[in-house]
Amino acid sequence: MRECFLQTLLLLLSCCTSAAANVHNNFLYHDILGQNGKKQSMHIIVYSSGVKLHVDNGQPSVFGVRGGNVTLPCRFWYEPKLSSPREVRVKWSWLPAAAGGREEDVLVAFGSQSRSFGVFRRRTELRQEFLGDAALVMTDLQLRDTGQYRCEVVDGLEDERATVHLELQGVIFPYQHPRGRYLLSFLEAQRACEEQDSTLASFTQLFQSWKEGLNWCSAGWLADATVRYPITWPRVPCGGQGLAPGVRSYGRRRLNFHRYDAFCFTSSLRGKVYYLQAPHKMNLTDAQKACQQDGAEIAKVGQLYAAWKLGGLDRCDAGWLADGSLRYPITRPRQNCGPAEPGVRSLGFPLPKHMHGVYCYESDDE
Ligand SMILES: *[C@@H]1O[C@H](CO)[C@@H](O)[C@H](O)[C@H]1NC(C)=O
Ligand SMILES: *[C@@H]1O[C@H](CO)[C@@H](O)[C@H](O)[C@H]1NC(C)=O
């Protein structure tokens with residue numbers, strides 16, 4: 001009764017004095033500093049009853065690997081505390097990292113009922129371990145799951161949200177068209193990566209590889225349709241010695257008009273890559289058949305990179321891969337096995353009739 005009276009009083013005041021304007025506006029925004037010093041935004045709704053709903057994700061990013069599980073945190077609470085719990089609606093949605101990606105629903109929950117959608121069906125659930133827990137548990141992560149996830153809590157007429165970024169960890173590799181440098185449009189770059197068991201890399205992923213020493217003098221498309229190249233030791237043909245090391249940007253380019261290379265990204269493998277023990281060298285078609293006869297398939301470029309970087313594959317024999325390129329993985333550099341740094345050595349795209357070894361990929365699935 002008294003609260004009602006107060007509200008009416010406040011409303012009356014707010015229509016007549018400018019000093020009360022803030023009360024009428026029942027949204028307050030605060031920027032707070034999180035534990036790690038990173039700025040997080042916490043949104044607070046002030047109800048006319050004086051109860052505030054808070055929604056917070058607690059951390060800006062979460063990292064996972066392909067095939068792994070992650071929990072995207074989200075928590076809501078009221079101040080002052082409610083005497084009895086209220087049923088709220090929780091909605092998670094996803095904004096893909098890829099340029100042109102549209103927002104998609106992930107999961108909607110009301111009380112203990114929940115439903116997930118599209119590519120997230122059977123892979124997501126709401127945790128609900130404690131009062132106000134609205135964390136999203138995701139299993140069997142896919143390469144394309146990278147992006148911004150938004151947790152939205154709806155109580156009555158009011159809703160508030162917090163976002164968390166999901167980033168996959170793995171390995172980046174530069175990819176060129178078989179006929180040479182700078183021949184891929186954005187869509188072709190996207191497709192080229194997908195055909196090699198990978199996706200176009202995000203800027204965060206490229207930046208991480210640059211910190212780990214990736215030095216590449218050709219510009220490539222990234223998932224957000226920008227074009228960049230990572231330089232760890234500046235030299236003349238890569239923009240000159242005067243420039244500082246860094247991830248250089250050409251900015252956002254026209255998707256169908258400009259042509260560059262691609263930066264592909266891949267993560268953990270469910271399966272193994274191996275160099276086929278064969279009695280003799282093979283041309284490309286026979287190499288494909290030989291892997292099939294071994295109960296496997298010819299390895300894709302992304303699979304070889306994942307096996308090298310995440311599985312430590314080391315083999316000083318060049319072998320055919322699915323795209324018709326010839327490569328070999330070195331983790332322990334030595335004489336006659338390429339440069340002094342570890343890496344996947346590329347010998348280009350020989351004629352398909354040439355005779356070489358082959359790398360096969362055997363999946364763990366089935
Ligand atoms: C992910 O979660 C599922 C379901 O809870 C479980 O079966 C699986 O072993 C987990 N995978 C990993 C890599 O932890
Ligand atoms: C590879 O060799 C087989 C015979 O072993 C032949 O039938 C096939 O045409 C050859 N493929 C290419 C691309 O040269």
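Two strands are taken to pair if DSSP finds at least two bridges between them. Helices (H or I, at least four residues) and strands (E, at least two) are DSSP runs, numbered from the N terminus. The structure is a predicted model, in which local features need pLDDT of at least 70 and side-chain atom pairs count only at pLDDT 80 or more, while totals for chains, interfaces and linings use all residues. Residues are numbered from 1 along each chain as its sequence is written, chains are lettered from A and ligands numbered from 1 in the order in which they are written, and side-chain values use heavy atoms, with hydrogens and water left out.

In strand S13, His165 is the bridge partner of Gln148. Strand S13 spans residues 158–168 and pairs with S12 in the antiparallel sense, over nine bridges. The two strands form a hairpin with two residues between them. In the turn, Gly156 has a positive phi of about 65°. Strand S12 (residues 147–155) also runs antiparallel to strand S7 (residues 89–96), to which eight bridges join it. Within this second pairing, Val153 of S12 stands opposite Val90. Eight of the nine residues of S12 are buried, where buried means under 20% relative accessible area, exposed over 50%, and partly exposed in between (1.4 Å probe, protein chains only).

The structure holds 18 salt bridges, each defined as a side-chain nitrogen of Lys or Arg within 4 Å of a carboxyl oxygen of Asp or Glu. One of them joins the side chains of Asp159 and Arg161, with an N to O distance of 3.0 Å. Asp159 is partly exposed at a relative accessible area of 24%, and Arg161 is likewise partly exposed, at 30%. Both residues belong to a network of salt bridges that also links Glu103, Arg150 and Glu152.

A further salt bridge is formed by the side chains of Glu188 and Arg259, 2.7 Å from N to O. Glu188 lies in helix H3 (residues 186–195) and Arg259 in the loop between strand S18 (246–252) and strand S19 (261–266), so the pair ties together parts that are 71 residues apart in sequence. Glu188 is partly exposed, with 28% relative accessibility, and Arg259 is partly exposed with a relative accessible area of 37%.

In helix H5 (residues 284–293), Asp286 and Lys289 lie three residues apart, about one turn of the helix. Their side chains meet in a salt bridge with an N to O distance of 4.0 Å. Asp286 has a relative accessible area of 37% and is partly exposed; Lys289 counts as partly exposed at 46%.

Asp286 is also one of the residues around ligand 2, together with Asn283, Thr285, Pro352 and Lys353; a residue is assigned to this shell if one of its heavy atoms lies within 4 Å of the ligand. The shell divides into one nonpolar, two polar and two charged residues. In this division Ala, Val, Leu, Ile, Met, Phe, Trp, Tyr, Cys and Pro count as nonpolar, Asp, Glu, Lys and Arg as charged, and the others, Gly among them, as polar. An N or O atom in the side chain of Asn283 is 2.3 Å from an oxygen atom of ligand 2. For Asp286, the distance from a side-chain N or O atom to an oxygen atom of the ligand is 2.7 Å. A polar side-chain atom of Thr285 lies 2.8 Å from a nitrogen atom of ligand 2. Taken alone, ligand 2 exposes 370 Å², of which the protein buries 41% (Shrake-Rupley method, 1.4 Å probe).

Methods
A polar contact is a pair of N or O atoms within 3.5 Å; within protein, one must be able to donate a hydrogen and the other to accept it, and residues adjacent in sequence count only if both atoms are side-chain atoms.
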